[in-house]
Amino acid sequence: AYDIVLGDHVLNILRDEDRHLVLRNVARALTHVGLFLPRSYVSYPNMPRNWGEILDFVDARCPSVHFFTATAAYAYIAYTNSTTGFTDIGKLMSELKRYRRRIGANRFRTWADRMANEKDGISIRRRTVFEKQLAKYYRILLVQQGGDVYARYLKIHVLQPL
């Protein structure tokens, strides 16, 4: 049995049914006072829904932050395919092309290079839905966030098995 398990973005690359298996298996692998600390993206209502809204938000609130860092959380969430639950990378990139002139070639290339090998994107659930999944196997002791531009959407949950 383990005292602590870290999971950095692990839960965001899994389908819901696989996420449940991982949550269950990690809970079983921990000691009764062990901790699981996954760091995962979550979403909220009223987030930017497209590149136009994302760029307006980033330009107004964090113009000096690296472009990918400032836009990643919002774009991954805005372009989630409602059927698969994962980011639609093709749609994300095709719509970003429409803003190429506004953002410039270097910023566009940053996204294009990062997405060149990306096939499925990531799965980001509403925070309330995500925490219901966690609560099936864990007590949520604490929820922390970092100090970066998208900290509100990237949470570290401190979990203890039920």
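## Ground rules

The model is predicted, with local features needing pLDDT of at least 70 and side-chain atom pairs pLDDT 80 or more, while totals for chains, interfaces and linings use all residues. Residues are numbered from 1 along each chain as its sequence is written, and side-chain values use heavy atoms, leaving out hydrogens and water.

## R19, tucked away

Look for R19 in helix α1, residues 16-29 (helices are DSSP runs of H or I, at least four residues; strands are runs of E, at least two; both are numbered from the N terminus). R19 counts as buried because its relative accessibility is 1% (buried is under 20% relative accessible area, with a 1.4 Å probe and protein chains only).

Setting aside residues up to four places away in sequence, R19 touches L11, L14, S123, R125, F130 and Q133 (contact means heavy atoms within 4.5 Å). A polar atom of the R19 side chain sits 2.9 Å from the backbone oxygen of L11.

## The main core

The largest nonpolar core has 43 residues, and F36, W51, Y76, M93, W111 and Y138 touch the most other members (such a core is a set of buried Ala, Val, Leu, Ile, Met, Phe, Trp, Tyr and Cys residues joined through side-chain atoms within 4.5 Å). α3 gives the largest share of this core, nine residues.

## α2 against α3

In this pair, W51, I54, L55, F57 and V58 of α2 meet F67, A70, T71, Y74, A75 and A78 of α3.

Definitions and conventions:
Buried means under 20% relative accessible area, exposed over 50%, partly exposed in between (1.4 Å probe, protein chains only). A polar contact is a pair of N or O atoms within 3.5 Å; within protein, one must be able to donate a hydrogen and the other to accept it, and residues adjacent in sequence count only if both atoms are side-chain atoms.
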